[in-house]
2 protein chains.
Amino acid sequence: MVNLKSLFYPKSVAVIGASRDNRKIGHLIFKNLIESGFAGLLYPVNPKAQKVLGRPALASVLELSEPVDLAIVVIPAETVPKVLEEVGRSGTKMAIIISAGFAEIGLAGQEKQEQLLKIAQKYHLRILGPNCLGVINPKIGLNASWGETMPKPGKIAFASQSGALAAPVIELINESGLGFSYFASLGNKANIDETDLLEFFGQDKNTDIILAYLESFKNGSKLVRLAQKIATKKPMIVLKAGQTDQGAKSAQSHTASLATPEKVSRGIFTQANIISTSSVGEIISLVRLLTALGKKQAGLKTAIVTNAGGPGVLTTDAIIKNGLSLSCLSQKTIKKLSRILPPSASLNNPVDILGDANEKTYFETSRTVLTDPEVDNLIVILTKQRGTNAQAIANILGKLKTNKPIIPVFMGGRSVLAAKEIFQKITLVNFGHPQEAIAALAKIIFWQERAKKKAVINQTRINGGQINKIITKINQPRLNETEGFQLLSACQIDTPQFEVFNNQEEGVRVLKKIGYPAFLKVLSADLIHKTELGAVQKINSQEDFLEHFNIMKKGFPSLKFILSEAVEGTIELIVGVKKDQAFGHLLMIGAGGIYTEILKDNSFRALPISKNDAQEMISELKIYPILKGARGKRSVNLGAIEKTLLAIAKLVEAVPEIDQLDINPLIVGSQSVAVDVKISLLRG
Amino acid sequence: MVNLKSLFYPKSVAVIGASRDNRKIGHLIFKNLIESGFAGLLYPVNPKAQKVLGRPALASVLELSEPVDLAIVVIPAETVPKVLEEVGRSGTKMAIIISAGFAEIGLAGQEKQEQLLKIAQKYHLRILGPNCLGVINPKIGLNASWGETMPKPGKIAFASQSGALAAPVIELINESGLGFSYFASLGNKANIDETDLLEFFGQDKNTDIILAYLESFKNGSKLVRLAQKIATKKPMIVLKAGQTDQGAKSAQSHTASLATPEKVSRGIFTQANIISTSSVGEIISLVRLLTALGKKQAGLKTAIVTNAGGPGVLTTDAIIKNGLSLSCLSQKTIKKLSRILPPSASLNNPVDILGDANEKTYFETSRTVLTDPEVDNLIVILTKQRGTNAQAIANILGKLKTNKPIIPVFMGGRSVLAAKEIFQKITLVNFGHPQEAIAALAKIIFWQERAKKKAVINQTRINGGQINKIITKINQPRLNETEGFQLLSACQIDTPQFEVFNNQEEGVRVLKKIGYPAFLKVLSADLIHKTELGAVQKINSQEDFLEHFNIMKKGFPSLKFILSEAVEGTIELIVGVKKDQAFGHLLMIGAGGIYTEILKDNSFRALPISKNDAQEMISELKIYPILKGARGKRSVNLGAIEKTLLAIAKLVEAVPEIDQLDINPLIVGSQSVAVDVKISLLRG
């Protein structure tokens with residue numbers, strides 16, 4: 001485990017750049033540390049001052065007799081390297097660099113940032129930042145940031161790649177009555193990144209919910225592995241900005257962030273079981289609901305009790321659109337309800353208890369509905385009508401004894417304010433709009449369900465010896481057709497029958513073996529656009545062959561040729577692997593043909609993957625209903641597609657120098673056959 | 001114009017069922033009328049009481065010497081018909097039926113509701129309801145409803161098919177400082193429906209914004225025509241519940257509503273230029289922003305000025321995802337900004353003016369950005385940081401002189417509360433989250449853009465005489481192949497070359513004319529699944545023909561046959577018409593092949609359509625990028641597809657008895673050819 005203890009629990013802190021000028025950030029941080037109630041030792045470092053805020057100033061950390069646990073650097077970027085060197089020499093192992101002017105300003109800043117990294121390496125120093133706001137640990141009164149207010153203590157740990165965005169998030173969460181175990185501003189993530197913090201938060205007993213705002217992924221593959229483990233115990237909510245190309249460009253100039261396409265992030269979040277969100281509003285909904293639910297398990301089947309028909313309809317729409325289902329109440333429940341409710345009430349889900357329903361009706365109806373085994377969660381809707389006593393109803397909902405989630409949706413403004421305050425006290429959480437409640441609930445359910453599911457390890461066997469033999473023989477970056485097919489065959493991936501030949505006579509013999517139709521190609525790793533060059537032809541007869549072979553032979557006299565069988569199947573897919581700076585190898589499956597690029601029907605995962613990942617990749621495709629056999633048509637062999645994905649994953653594990661791999665098309669039907677494959681290696 | 005004046009501006013009102021029992025709705029309504037300050041005459045009608053709330057009660061409206069303008073009926077469903085008859089006889093022409101127990105409870109109620117309609121017809125009586133909350137006109141102090149509070153007066157007219165949903169909507173809008181011109185609860189819409197109200201609101205000078213909550217469409221084609229006209233002057237916001245199948249089922253038991261698939265509603269809303277929304281929260285955002293914008297024209301090109309990088313990135317994402325674009329600031333603007341802002345500020349859009357920006361920086365930067373012709377709208381983001389004076393910044397934004405929309409997004413809780421109050425005073429409107437602001441802005445922009453665009457009338461010429469001749473000859477509900485093709489040809493829609501024949505000899509002759517490949521079919525209007533019955537075959541040679549013809553002849557000895565040319569093209573589409581209970585004829589275009597049903601790639605409009613509608617239907621398709629020629633491929637003939645849609649629209653206008661029409665496939669490439677068509681008529 002990474003040791004960030006001295007970042008969040010330092011016993012002594014030096015602020016290098018602590019200033020007497022109350023407009024300077026160095027002043028604000030030092031003041032925050034003094035005023036927040038931090039009990040450890042505090043040293044202002046400022047060669048130009050005798051004292052800062054009443055404390056005697058040092059000219060350098062080297063004047064200290066013992067190294068401090070944490071050094072905070074708040075000086076102009078130019079002088080940071082020199083001072084960081086001193087921090088290292090002093091024996092301190094943890095520094096926060098608040099100063100901006102590094103990678104986020106471009107090439108010159110990038111070089112300066114690399115200087116810092118070299119110093120860090122030399123002294124085994126960990127650095128948070130540069131270009132950040134600092135860290136906060138409310139429990140020990142540590143406000144080592146220049147944020148204006150100290151968050152309230154609580155169970156939420158928050159890592160943010162934007163300091164300024166953190167301010168409203170912290171304020172809004174505090175105002176919902178919740179608090180923070182830690183806050184850390186990530187800045188440029190030169191050294192400490194989100195995965196270091198995640199690891200610390202994951203193992204921390206004071207943290208129940210982990211929250212992150214990210215503009216980029218620093219160490220994607222570590223993120224996936226870590227998050228998968230943590231997600232079994234704690235929810236992680238990530239707001240990833242820069243999802244669009246333009247947004248990613250803005251992030252680039254904000255925190256020097258590398259872009260990750262939204263489709264990739266989405267796949268990664270599913271794989272890592274991270275709760276993904278796209279707005280601060282939704283973050284607030286999620287942490288409120290997660291806190292209210294505590295250890296309660298939610299499920300897909302949702303019941304509605306409402307005193308208002310319209311909101312019942314809107315909630316039903318939201319339930320279906322978010323992938324949940326409407327509980328089908330049993331006849332027994334309906335009979336019980338008929339005894340509680342007036343004749344014009346609607347006894348089916350949504351249960352409409354009518355506008356004049358009082359607290360007794362709400363209580364009895366909810367209690368009855370909750371006993372139905374078909375009900376996993378209960379949404380209780382109220383709009384203020386004549387005689388509705390929202391407070392009394394809020395109070396009585398708190399008296400329902402159940403281990404199923406109850407989510408009140410009391411709609412309106414001031415008329416339901418007092419009821420909302422009651423909910424905060426009795427650890428129920430009210431939502432003003434059903435859509436908000438259902439969206440948050442659905443995300444939490446999917447997290448819980450995935451956390452319970454055991455990952456089945458990829459145990460696909462591939463022929464390592466054979467693969468090694470093929471790879472060691474290759475002495476150029478791209479593999480030709482036969483090499484590609486041989487590699488796939490060694491992974492037990494079906495390929496078309498094929499044979500290489502040199503001349504017309506051999507070709508005719510091969511053709512007889514393979515039959516019609518067949519494909520004739522020039523054998524070459526270097527010709528990329530073979531179709532456009534006339535180096536691929538479909539062969540329907542021997543005359544066809546002779547005609548095309550003679551043309552090709554003239555065009556490419558020094559090359560060999562290959563004949564391969566034409567494969568029939570139902571649907572064309574594509575499978576690919578490419579290397580990503582943050583995530584390492586990414587595996588992709590997508591719909592083939594003209595729909596590939598236009599409909600962007602594809603899904604991604606970072607390697608390695610589990611059997612579950614492979615299944616999910618396939619079922620996420622828009623064409624999945626077609627693969628599964630829509631409208632009475634036969635399903636394709638889904639197991640064979642899954643096997644292909646798992647085999648490719650294993651191949652790349654065995655041959656990490658694979659830079660890119662493209663099977664296009666993978667023809668699927670009763671089989672899954674890789675009809676064409678392009679593979680390139682990173683060499684050197 | 002429908003005359004609803006006596007509904008909203010009655011001079012005299014009778015409440016039939018006005019009760020002394022303060023738990024009864026009849027009491028509440030009468031009390032509301034007294035207390036709300038209504039200046040007209042008020043009569044309680046209650047045969048069992050002498051007085052109600054101090055006013056002498058009548059036993060029947062027939063005791064009145066002059067008919068009242070408005071009768072409100074609040075008695076048990078059983079007695080409503082008798083009383084309504086009396087209302088009719090009294091000479092009153094407008095009634096609100098509050099009582100429930102009609103169509104919403106099933107068949108028995110449905111019959112009772114039809115009774116009411118007969119009475120209404122007999123006496124030329126208009127009815128609002130039954131099963132409704134009533135109407136409110138705050139300006140004249142008319143609260144003819146059993147709602148608890150009187151809304152504040154203002155410029156928003158609101159029609160709601162759910163009384164209970166109206167309560168939070170009214171409360172939240174009032175609490176944002178806005179008010180209502182009228183409120184009407186639609187209930188079961190037996191007689192007065194949303195289009196009647198829409199017509200009244202559209203022409204009303206006191207109404208700037210029209211709002212509706214609907215669970216169904218009563219008179220869809222009228223809605224489209226009306227809304228198109230009104231939308232050029234006023235925005236109409238509609239929240240349509242029951243978008244999912246399950247939601248529609250809930251709506252059915254709530255207000256006896258017929259389902260309309262979401263895809264159809266979406267097409268209709270675009271066609272009618274109605275601002276569609278799916279939550280109360282968004283309604284509030286829209287009315288707030290619409291009111292703040294007033295007559296200002298927004299545009300797609302949006303600039304951001306922010307003191308916080310992260311929110312700038314999130315706003316950029318929201319801009320792109322909602323179909324707006326990020327303004328590309330001119331070099332001139334950037335140069336001006338460089339003089340205003342510190343060196344580490346980001347001068348490109350989003351303009352990051354850094355965390356310590358004060359009101360002067362906000363003002364100067366915003367003013368400069370607003371002068372750039374590339375900027376249509378400005379989003380001003382603030383998160384509260386050290387030294388940020390949110391109130392001062394709010395105040396100074398109000399001093400910017402511009403006819404471009406400025407939308408503040410001050411994020412946070414209590415720390416920006418005072419600033420939000422300032423915005424309300426200076427008619428700017430603040431949003432707490434950029435996603436909310438951008439979503440509302442985008443919807444308003446698209447409404448404004450469409451309102452400015454002139455509709456080009458469908459002037460496609462079809463051969464009416466020819467069409468009449470074909471139709472009059474048909475004496476069964478379904479048309480056969482030749483009749484279908486002839487009808488399309490009369491509309492100048494391309495069909496494949498074809499010929500009907502009786503025997504093998506004739507067939508061989510026809511085949512020579514048509515060439516290979518061709519399609520051989522049994523000519524019949526009654527065989528629906530021809531492919532499955534072996535009644536369609538592709539013919540590649542004369543032998544093919546002889547073989548298949550002989551089999552078919554044996555299977556269908558008494559029928560004729562048809563040979564048609566096989567058409568080549570790039571892409572298969574489908575075009576269809578069907579009759580909808582609410583909207584009359586709906587026209588649909590969709591992607592063909594296996595993707596039709598799975599990807600649900602289709603778009604709908606109600607007939608008649610304009611040229612613009614036809615173009616939009618095509619461009620809404622997911623496969624539109626493919627049609628347009630993605631990735632260097634040639635575009636298909638989009639004009640030909642448009643022409644086909646317009647011709648079909650004209651055909652259905654000319655032959656309204658067409659019940660269903662399906663062109664499947666329409667093969668498009670350089671041409672647009674209807675390869676197969678099925679048409680059925682409503683006869684009798």
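Buried here means under 20% relative accessible area, exposed means over 50%, and partly exposed covers what falls in between (1.4 Å probe, protein chains only).

A word on the ground rules. This is a predicted model, so local features need pLDDT of at least 70 and side-chain atom pairs count only at pLDDT 80 or more, while totals for chains, interfaces and linings use all residues. Residues are numbered from 1 along each chain as its sequence is written, chains are lettered from A and ligands numbered from 1 in the order in which they are written, and side-chain values use heavy atoms, with hydrogens and water left out.

**Chain A as a whole**

Chain A has 684 residues, and 60% of them are buried. It carries 24 helices and 29 strands; these are DSSP runs, with helices being H or I of at least four residues and strands E of at least two, numbered from the N terminus. The C-alpha trace of chain A spans about 95 × 85 × 40 Å along its principal axes. Take the contacts in chain A (heavy atoms within 4.5 Å) with a separation of 6 or more: 71% of them are between residues 24 or more positions apart.

**Where the two chains meet**

Chain A and chain B each put 70 residues into their contact. About 5,800 Å² is buried between them, with carbon and sulfur atoms giving 63% of that; buried area is the accessible area (1.4 Å probe) lost when two parts are put together, summed over both. There are 34 residue pairs in polar contact between the chains, both residues at pLDDT 80 or more. A polar contact is a pair of N or O atoms within 3.5 Å; within protein, one must be able to donate a hydrogen and the other to accept it, and residues adjacent in sequence count only if both atoms are side-chain atoms.

On the chain B side, α11(B) gives the most, with nine residues. The residues of chain B that touch chain A divide into 28 nonpolar, 27 polar and 15 charged.

Helix α8 (residues 245-255) of chain A is worth a look. Its buried residues include A:Gly247, A:Ala248, A:Ser250 and A:His254. They cover an arc of only 160° around the axis, which puts them on the same side of α8(A); the arc is that of the directions from the helix axis to the C-beta atoms. A:Asp245 and A:Lys249 are exposed on the other side. The buried residues of α8(A) pack against α11 and β17 (351-352) of chain B. Just after the helix, A:Ala256 takes a positive phi of about 55°. In the loop between α8 and α9 (262-272) of chain A sits A:Thr260, which is buried at 4% relative accessible area.

**Salt bridges**

The whole structure has 44 salt bridges over all chains, and four of them run between chain B and chain A. A salt bridge is a side-chain nitrogen of Lys or Arg within 4 Å of a carboxyl oxygen of Asp or Glu. Here are some pairs:

| Pair | N to O distance |
|---|---|
| B:Lys321 and A:Glu262 | 2.8 Å |
| B:Glu148 and A:Lys384 | 3.3 Å |
| B:Lys521 and B:Asp676 | 3.4 Å |
| B:Glu616 and B:Lys453 | 4.0 Å |

In the B:Glu616 pair, B:Glu616 is buried at 13% relative accessible area, whereas B:Lys453 is exposed at 54%. B:Lys521 is buried too, at 8%.

**Two loop residues**

B:Ser279 lies in the loop between β14 (275-277) and α10 of chain B and is buried at 15%. Setting aside residues up to four places away in sequence, B:Ser279 touches A:Gln435 and B:Leu239.

A:Arg478 is in the loop between α17 (464-473) and α18 (481-490) of chain A and is partly exposed at 34%. A polar atom of the A:Arg478 side chain lies 3.2 Å from the backbone oxygen of A:Ala525.

Technical notes:
Ala, Val, Leu, Ile, Met, Phe, Trp, Tyr, Cys and Pro count as nonpolar, Asp, Glu, Lys and Arg as charged, and the others, Gly among them, as polar.
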